[in-house]
Amino acid sequence: MHTEGSNPQSAIRNPQSRDFIRTIIAEDLKNNKHGGRVTTRFPPEPNGFLHIGHAKSICLNFGVALENNGVCHLRFDDTNPSKEEIAYVESIKKDVKWLGFDWGDNLFFASDYFEQLYDYAVQLIKMGKAYVCSLSAEEIREYRGTLTEPGRESPFRNRSLEENLDLFTRMRAGEFADGTHVLRAKIDMSSGNINMRDPVLYRILHASHHRTGDKWCLYPMYDYTHPISDAIEKITHSLCTLEFEDHRPFYDWLLDTLQTPAHPQQIEFARLNLTYTVMSKRKLLKLVNEKRVSGWDDPRMLTISGLRRRGYTPAAMRSFCDTIGLAKRESRVDMGVLENAIRNDLNDTAPRAMAVLRPLKVVITNYPQEQEEELEIDNHPKNPEMGKRQVTFCREIYIEQDDFLEEPPKKFFRLAPGREVRLRAAYLITCDKVVKDEQSGKIIELHCTYDPASRGGSSPDGRKVKGTLHWVSARHAISAEVRLYDRLFNVENPEADKETSFMSHLNSNSLLPLTDCRLEPGLAAAGVNDRFQFERLGYFCLDSVDTAPARPVFNRTVTLRDSWEKIGKNA
RNA sequence: UGGGGUGUCGUCAAGCGGUAAGACACAGGCCUUUGACGCCUGCAUUCGUAGGUUCGAAUCCUACCACCCCAGCCA
């Protein structure tokens, strides 16, 4: 990757603004609970792409480590070979790096611990704390009881140590078919917490693993793997989402029973939800598989890769994660907060440019046919260090169709017949004539006259000209495709109604490709990581996938705030 | 009917017994060669409800109510 995401220091939060997890950690540090050490981990399963919800967890885990001189491990929770792929681990690494975080040497895989995990299981069996259960999956479910009724003990619960050991060894050796036996912890079938009703530790899976190949046909379950992996890595604080709160008693039971050298503390927080989108990997995968989006990195997807392609910056993502806070209550953050984060960043950092998305030709009738002139324009209104550039003006230009109205409503201060407006950094022009297609009545072009004394856009006699339009030279502009994106779903919470699939709430207008846009020529030199503000329109970046030589495609990252649109809506 | 959680502005979110931060959104106004940006102002006498303790409660106690999660050999 390039360098833009490589400033982890900027991820450090204001220490004054503390959430409950940072408060706990500060307290632990004060009490020297883990020997004054903070070690966290980000533990994705490589079965899909990372999304913005993961970004919250990444910023938390790496952020907390950074703030406390600790380290954060990147550990892949790869215990289910049937769902996991090496391609996903690569994309995950890329995304974490891009966000600006560095795991250094601390790259781990749960699959690296398979041997140790197995040894611990043997130890559990020897302690009489685990047994091989030969009930079928359905039977196990029946024996488990319900939420309100206790479960029943498996008839295999009291197998002898020797038999358990023998069976477990043979399970590993591949003597049994999938589903015939599992290893279970022996805890309490009557516990109110279903996770304590003799949870399954190992299942037989004759599947090839992306890292261990065919070495194993026995794979450990998440609940068993995670605490031990944390302990092996001497994690101090194991931060996860709310749904694992019920699993914590088992987490603690396991590490207490095994007397592992370290006993990390699991703390749960609420996962991120955003309005107008879905967040689960399963649902994102469905969108990809059913071709409702172009892929995991479709710019409308709130995956890290989608947001990257859309033009979001790592800094904006971090700032967003900072803004939303951290708590235990379930919530849904307004999409506007995310948009605010990227606008804030890009407002400061993106050079300005002019682009006309829906061109309307304007002929300046009193401007000499052959004449052309270079006009100078600031690349940024507030930051002179970003320099200036030249744009060429001539007799034929394009303006935005939206910027002209034959019958302007009140408060519309753009172009209209007889009206004068300013062309940004160029001249004041007045509309004299509207040329229409005789057949359709469609406006073809505008004839205007310019005031030669207004070069640069100044008003020579101090007359008030309220409207300023962006424009592009018809002779010099380059052509490009510009893709306008809107929210992927048309309701705030696509998952609200359990009877209706979230898929039925897809916004059919979430992608609007405009194929004949005119851009100022300088934009031809844009690179994939460049971001621009197209004045009065929004922030845009070159599409990293579909751009071809001499055929640029720009993505709209986000619009500018538009109070004119608001006036229209309220009217 | 079991177990685990959570309830503070429209949306997030601080607050941890001393009299409701901040952000987004929203509404006005100023500024403006981007109707952008920036700036100013307003926006919870009230913290799920009801009682109680206290000089004083969002913070402590009691009861109730609402919502979320858990019955994968997924993570």
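Colleague: Hi! Which helices and strands each supply at least two residues of the surface near RNA strand B?
Modeller: Hello! In this predicted model, those elements are α5 (137-144), β6 (200-204), α11 (314-324), α12 (335-349) and α13 (563-570).

Colleague: Thanks. How many residues surround RNA strand B, and which are the closest?
Modeller: RNA strand B is surrounded by 68 residues, with Glu330, Lys382, Gly456, Arg561 and Ser563 the closest.

Colleague: What lies 2.6 Å from a phosphate oxygen of RNA strand B?
Modeller: That would be a polar side-chain atom of Thr79. Arg332 works from its backbone instead: one of its N or O atoms there is 2.9 Å from a sugar or linking oxygen of RNA strand B.

Colleague: Okay, and what is 3.1 Å from a base oxygen?
Modeller: A polar backbone atom of Gly457.

Colleague: Changing topic: what volume does the second largest pocket have?
Modeller: About 1300 Å³. Its lining takes two or more residues from each of β1 (39-42), α2 (52-67), α7 (222-232), β8 (237-241) and α9 (281-289).

Colleague: Which element gives the largest share of that lining?
Modeller: α9 does, with four residues.

Colleague: Which residues lie nearest the centre of the second largest pocket?
Modeller: His54, Glu243, Phe244, Arg271 and Lys281, out of 39 lining residues. By class, the lining has 14 nonpolar, 13 charged and 12 polar residues.

Note on methods. Residues are numbered from 1 along each chain as its sequence is written. Chains are lettered from A and ligands numbered from 1 in the order in which they are written. This is a predicted model: local features need pLDDT of at least 70, side-chain atom pairs count only at pLDDT 80 or more; totals for chains, interfaces and linings use all residues. Side-chain values use heavy atoms; hydrogens and water are left out. A residue is near a molecule or strand if one of its heavy atoms lies within 4 Å of it. A polar contact is a pair of N or O atoms within 3.5 Å; within protein, one must be able to donate a hydrogen and the other to accept it, and residues adjacent in sequence count only if both atoms are side-chain atoms. On a 1 Å grid over the protein atoms alone, a cavity is a set of points where a 1.4 Å probe fits but cannot get out, and a pocket is an open set with protein on both sides within 12 Å along at least five of seven lines; lining residues have an atom within 4 Å of a point. Grid points are joined across faces, edges and corners, and a volume is the space filled by probe spheres set on the points. Ala, Val, Leu, Ile, Met, Phe, Trp, Tyr, Cys and Pro count as nonpolar, Asp, Glu, Lys and Arg as charged, and the others, Gly among them, as polar.
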